[in-house]
Structure formats: C-alpha cells, structure tokens
Amino acid sequence: MRPRAGIPEDLGRWFWDVDVASLSWATWREFIIGRLLRSGDWRAVQWLLTQVTLPELAQWLQHHRGGGLSAPRLRYWQLILDLQVADVNAWIAKSPTESWGTRPRR
C-alpha cells in the first residue's frame, strides 16, 4: 500500500503538539515514524506498517540509534525486526531515563 498524503484522523491524538492537517507523509515521514514508534498504540503501529516495510523500520531504528524508544519498545522491535542485541543494548544504555524530571541528553 502506498503512503497517503497524511495520517488518519484517529491517529491525530499522537500528534497533539502539531497541526495534524499539515503533516504530509512526504515531508514529515521521519517525524511521523518516530512519534508513532515512541508513543503510538497498536492501532498506530498497524497503520504505520501499511506505510513502511519491516526492513524500512529496522533501517529507521538503526539510522536513529533507537530513536528514543523506551527499553521495552526497543526490545519488542529487536525481536520483531531481528535487530542486533549489541546495538539495542547500546541504544538503551544511552537513552535518557523516563522520569518527567530528567531532560534528554543530546
């Protein structure tokens, strides 16, 4: 299935801080993938998988070094995408804690 111009209306809640109508897949692909992988529910992931292949998701995670996903989400994708354990371990070790009081390290 080819990507549509934007995201489905019911996934708009994952983009609470941006104008959903302005999110074109062609322009905001990297942002949309990251947001849905980090925060989306199963419905969001199902839609995402109609837009990208599993190898593309693996490539995205490699390129973004885990993309800020939580450890449980990274472990899930490690299994699904057959990611290297050493890579995932490194991403988790470098990721910020999930507390509200800690700012992400850059």
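**The packing of α1 and α3**

Mentor: Helices α1 and α3 are roughly perpendicular to each other, because an angle from 65 to 115 degrees counts as such and theirs is about 90°. This is a predicted model. Helix α1 covers residues 25–39 and helix α3 covers residues 54–63, and their axes lie 11 Å apart.

On the α1 side, the contact is made by Arg-29, Glu-30, Ile-33, Gly-34, Leu-37 and Arg-38. On the α3 side, Glu-56, Leu-57, Trp-60 and Leu-61 take part. Sorted by class, the contact has 5 nonpolar, 4 charged and 1 polar residues.

Leu-61 belongs to helix α3 and has a relative accessible area of 0%, so it is buried. Leaving out residues up to four places away in sequence, Leu-61 touches Leu-37, Gly-66, Leu-69, Leu-74, Trp-77, Leu-81, Leu-83 and Trp-91. One of these, Leu-37, is also among the α1 residues that make the contact with α3. Another, Leu-74, is 13 residues from Leu-61 in sequence, and the C-alpha atoms of the two are 9.0 Å apart in space.

Trp-77, also touched by Leu-61, has a relative accessibility of 4% and therefore counts as buried. Its ring forms a pair with that of Tyr-76: the centres are 5.0 Å apart and the planes stand at 80°, so the pair is edge-to-face. Tyr-76 has a relative accessible area of 36%, which makes it partly exposed.

Gln-78 has a relative accessibility of 11%, so it counts as buried. Beyond its neighbours within four places in sequence, Gln-78 is in contact with Leu-83, Val-85 and Val-88. Leu-83 is also on the list of residues that Leu-61 touches.

Most residues other than glycine have a negative phi. Arg-65, in the loop between α3 and α4, has a positive phi of about 50° although it is not a glycine. Asp-82, in the loop between α4 and α5 (85–94), also has a positive phi, near 55°. Arg-65 is exposed, with a relative accessible area of 63%, and Asp-82 counts as exposed at 65%.

Back at α1, there is ring packing to consider. The whole structure has 4 aromatic pairs. In one of them, the rings of Phe-15 and Phe-31 have centres 5.8 Å apart and planes at 55°, so this pair is tilted. Phe-15 lies in the segment before α1 and Phe-31 in α1 itself, so the pair ties together parts that are 16 residues apart in sequence. Phe-15 counts as buried at 1% relative accessibility, whereas Phe-31 is partly exposed at 24%. Ring pairs link these two and Trp-28 into a cluster.

Finally, a word on confidence. The protein chain has a mean pLDDT of 87, and 85% of its residues reach 70 or more. Over residues 99–106, however, pLDDT stays under 50, and the model has 7 contacts for them beyond four places in sequence. Where pLDDT is low, the predicted coordinates should not be read in detail.

Terms used. Residues are numbered from 1 along each chain as its sequence is written. This is a predicted model: local features need pLDDT of at least 70, side-chain atom pairs count only at pLDDT 80 or more; totals for chains, interfaces and linings use all residues. Side-chain values use heavy atoms; hydrogens and water are left out. pLDDT is the predictor's confidence in each residue, from 0 to 100. Contact means heavy atoms within 4.5 Å. Axes are lines fitted to C-alpha atoms, for helices over the stretch in contact, and angles run from 0 to 180 degrees between N-to-C directions. Helices (H or I, at least four residues) and strands (E, at least two) are DSSP runs, numbered from the N terminus. Angles under 35 degrees count as roughly parallel, over 145 as roughly antiparallel, 65 to 115 as roughly perpendicular and the rest as oblique. Ala, Val, Leu, Ile, Met, Phe, Trp, Tyr, Cys and Pro count as nonpolar, Asp, Glu, Lys and Arg as charged, and the others, Gly among them, as polar. Rings of Phe, Tyr and Trp (its six-membered ring) pair if their centres lie within 6.5 Å; planes under 30 degrees apart count as stacked, over 60 as edge-to-face and the rest as tilted. Buried means under 20% relative accessible area, exposed over 50%, partly exposed in between (1.4 Å probe, protein chains only).
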